[in-house]
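Q: Could you take a close look at how the domains of this protein meet, and describe that one part in some detail?

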Amino acid sequence: MATGYFFPHRHVLGIDQLSPDDITHILNTADSFKEISARPIKKVPTLRGHTIINLFFEPSTRTRLSFEVAAKRMSADTFNISPSTSSTTKGETLIDTARNISAMHPDIIIIRHSFSGAPHLLAKYVNASVINAGDGAHEHPSQGLLDMMTVKEHKGRLHDLKVAIVGDIMHSRVAHSGIEGFTKMGSSVHVYGPSTLVPKGLEQLGAVVESSLPDAVRDADVVMTLRIQKERQNDPLLPSFREYARHFGISKKILALAKPDALVMHPGPVNRGIEMSPDVADCSQSVILNQVTNGVAVRMALLYLVMGNS
Ligand code: CP
């Protein structure tokens, strides 16, 4: 990275907008923040006096909580709005909601929405920095970054790795951010899933579309499985979960095709016995909980960097 690098983004809307230098800088910043969460007193004054609003229109455990934990560890004031208790239930549009929130002068709005592009729309109407916490099937940039941080911690690099991503690629914003991120950093992403759940055109993003699970997983450095996004399937695209588990689930036998030190990853929530067997989810190669720990550090870095740019 060039000396004198300056993080150039006021918003974090997708990994498609980040350069390899941006990604490296975010991960280095996250590395430096990670030790704060291991201290007896987990609080620094970095964002004291800043107001951060979590606007989550879809359920979330990890992302919402870790953004809130990240903000509180940096002494920001945080507020959560959920759709069931907001005036969107009375017919208020997203843009009107955004304008009203903006009138209260928040510094950062973190949004999750089922509509792909909602954070980009919000960014046009508010003065605050906007961070995408997952928009429809489009992108989940903080997840892609925490996944890269976890791989870098364990493999020491982000280039020249084989990353296998298996499952419901079509509806997965995690897959799209992962493909963008890992290929940008010089690794090879191999995807596999039911043909009804693998969209056309992934090769243009740099992914290798495999035609069998063994081909996807063989000699992989990372095996990442995805949750089936039932909420984004209007018509059933799978015969049954039992068949899905048999043909697309990661078992110990399938995992044995990957490199012996391959990492097992999942963004959560895991459907045990469907996307992966419980013995894979809990095996010594699994870094699923490391991903969650790194999620706090990455989100601290994002809050810090967008504030530095405001
Ligand atoms: N990985 C992820 O986005 O999890 P949540 O839906 O619990 O936030």
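A: The domain assignment, automatic or from a database, divides the protein into domain 1 (15-139 + 295-307) and domain 2 (141-291). This is a predicted model, in which local features need pLDDT of at least 70 and side-chain atom pairs count only at pLDDT 80 or more, while totals for chains, interfaces and linings use all residues. Residues are numbered from 1 along each chain as its sequence is written, and side-chain values use heavy atoms, with hydrogens and water left out.

Taken over C-alpha atoms, the centres of domain 1 and domain 2 are separated by 25 Å, and the contact (heavy atoms within 4.5 Å) takes 32 residues from domain 1 and 26 residues from domain 2. The size of an interface is often given as the accessible area lost when the parts come together. Here domain 1 and domain 2 bury about 2,200 Å² between them, 61% of it on carbon and sulfur atoms, where buried area is the accessible area (1.4 Å probe) that two parts lose on being put together, summed over both. On the side of domain 1, Ile-15, Leu-27 and Ala-137 supply 26% of the area that this domain buries against domain 2, more than any other three residues.

Charged groups also take part, since a salt bridge is defined as a side-chain nitrogen of Lys or Arg within 4 Å of a carboxyl oxygen of Asp or Glu, and the rule finds two salt bridges across the interface of domain 1 and domain 2. The side chains of Lys-34 and Glu-153 form a salt bridge, with 2.7 Å from N to O.
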